[in-house]
Amino acid sequence: GLLLAAGTLFLAGGASAQTIDDSALLEQATALFSPIPHMIPKINDNAVTKEKIELGRMLFFDPRLSSSHLLSCNTCHNLAMGGDDNLETSIGHGWQAGPRNAPTVYNAVLNVAQFWDGRAEDLKTQAKGPIQAGVEMNSRPDVVVATLKSMPEYVAHFDRAFPNEDDAVTFDNLARAIEAFEATLLTPASPFDQYLEGNTNAMTEPQKRGLKTFIDTGCIACHSGVNVGGQSYHPFGVVEQPGSDILPPDDKGRFSVTETATDQYVFRAPALRNVARTAPYFHSGRVWDLKQAVAVMGVSQLGEELNAQQVDDIVAFLTALNGEIPETVVPQLPASTADTPRPMP
Ligand code: HEM
Ligand code: HEM
């Protein structure tokens, strides 16, 4: 009797392992998501050219954009490590810990706006932030421009990237070049993208079950579209606010941008592309385990205790969001000259 009951239970438990109806799931999924494009998207007010991309790549790797000459964009957005720093919160100038976890730069061009609170409308506006932030690169536009102008090779690169401009080496143009480079940082062809394109063998059964659970439980309310998120703002804690260990009380999120009471503890729902490569999680970086992050979401955003099977399946689905990382050639940067401002530690 007991054995039989156990057997029945096992079958009932295993029922969720029934094969997925691919055509129904695919139809649902293609209505909610779209594949990462293989082509560089058009950017507002900034034509992406080969010359800008090349210059932007140099700037992205150049630590002389920081006052210490030690920190480059790549320090905190390491392209060899998921496009972020895999730290709880970033370490910047003078070893200061910043207040937030660094999001990945991969596919960031596809987000509606930049930063956890959306305070920069696009990547060219964004790029000017960290260079000047005291806890990040701690420099100034005039110092950065003087630094770049001190190296003839840089001047030549700016002239090529911004032809027909008398004085091409400007802080604005630096931001445009970085934006152009970042627009190339797309990670297409993940198993999920291949599935969306009709290859139903591209995802495993657990990944497909996870996709179905992700849709059915309502994660898609905030994480959908091409970037599986990155498009809208929501309270962290729609149903139940996480504890202060995960949601530190001093960071009120989008409230600091809009100063609207209802925007307290509102953050951009992050894109979940490559999320398995970008631990730790949340704007506080307090959660290292993706399973835990998913379980927290269930309780905080949906008011639901997801069971172990659901969590495992969703995590399996999230790993299917790992795309192909584009190859980045490490640029060779011009040597500093006698006119280059010296590092200020
Ligand atoms: C946010 C690029 C330097 C740490 C971002 C975002 C981008 C970006 C695109 C927004 C991503 C998103 O919201 O999805 C750059 C570029 C840099 C640079 C181009 C060089 C000019 C740095 C450095 C650090 C850093 C040196 C660490 C010291 C962070 C952090 C955030 C962020 C913590 C989130 C801040 C917030 O949301 O308030 N960065 N970054 N970044 N970056 Fe950087
Ligand atoms: C953050 C997954 C439902 C809004 C996250 C993160 C994951 C995730 C893994 C952390 C990503 C990172 O730090 O890079 C899920 C799953 C859901 C779900 C699996 C369904 C069970 C929702 C819903 C909403 C939402 C329904 C909106 C009502 C957010 C927001 C954040 C976030 C605002 C950022 C929180 C912060 O750090 O301040 N989600 N999510 N999520 N999600 Fe969800």
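The following dialogue reads a few features of this predicted model.

Colleague: Let us turn to helix packing. At what angle do helix 12 and helix 13 pack?

Modeller: One reads such a pair from the directions of the two fitted axes, taken from N to C. Here helix 12 and helix 13, the latter covering residues 308-319, pack at about 115°, and their axes are 9 Å apart. Leu290, Lys291, Val294 and Ala295 of helix 12 make the contact with Val311, Ile314, Val315 and Leu318 of helix 13. By class, this contact of helix 12 with helix 13 comprises 7 nonpolar residues, 1 charged residue and no polar ones.

Colleague: Is the crossing of helix 12 and helix 13 right-handed or left-handed?

Modeller: Helix 12 passes helix 13 in a right-handed crossing.

Colleague: Finally, why does Ala156 count as partly exposed?

Modeller: The general idea is to count other C-beta atoms within 10 Å: 20 or more make a residue buried, and 12 or fewer make it exposed. Ala156 counts as partly exposed because it has 13 C-beta neighbours inside 10 Å. Ala156 is placed in helix 7, residues 152-161.

Colleague: How far is Ala156 from Pro270?

Modeller: The C-alpha atoms of Ala156 and Pro270 are separated by 38 Å, and the two residues are 114 residues apart along the chain.

Definitions and conventions
Residues numbered from 1 in each chain as written. Chains lettered and ligands numbered in written order. Predicted model: local features only at pLDDT ≥ 70, side-chain atom pairs only at ≥ 80, totals over all residues. Axes fitted to C-alpha atoms, helices over the stretch in contact; angles between N-to-C directions. Helix = DSSP H or I, 4+ residues; strand = E, 2+ residues; numbered from the N terminus. Left-handed = near helix turned anticlockwise from the far one by under 90°. Contact = placed C-beta atoms within 7 Å. Nonpolar A, V, L, I, M, F, W, Y, C, P; charged D, E, K, R; others polar.
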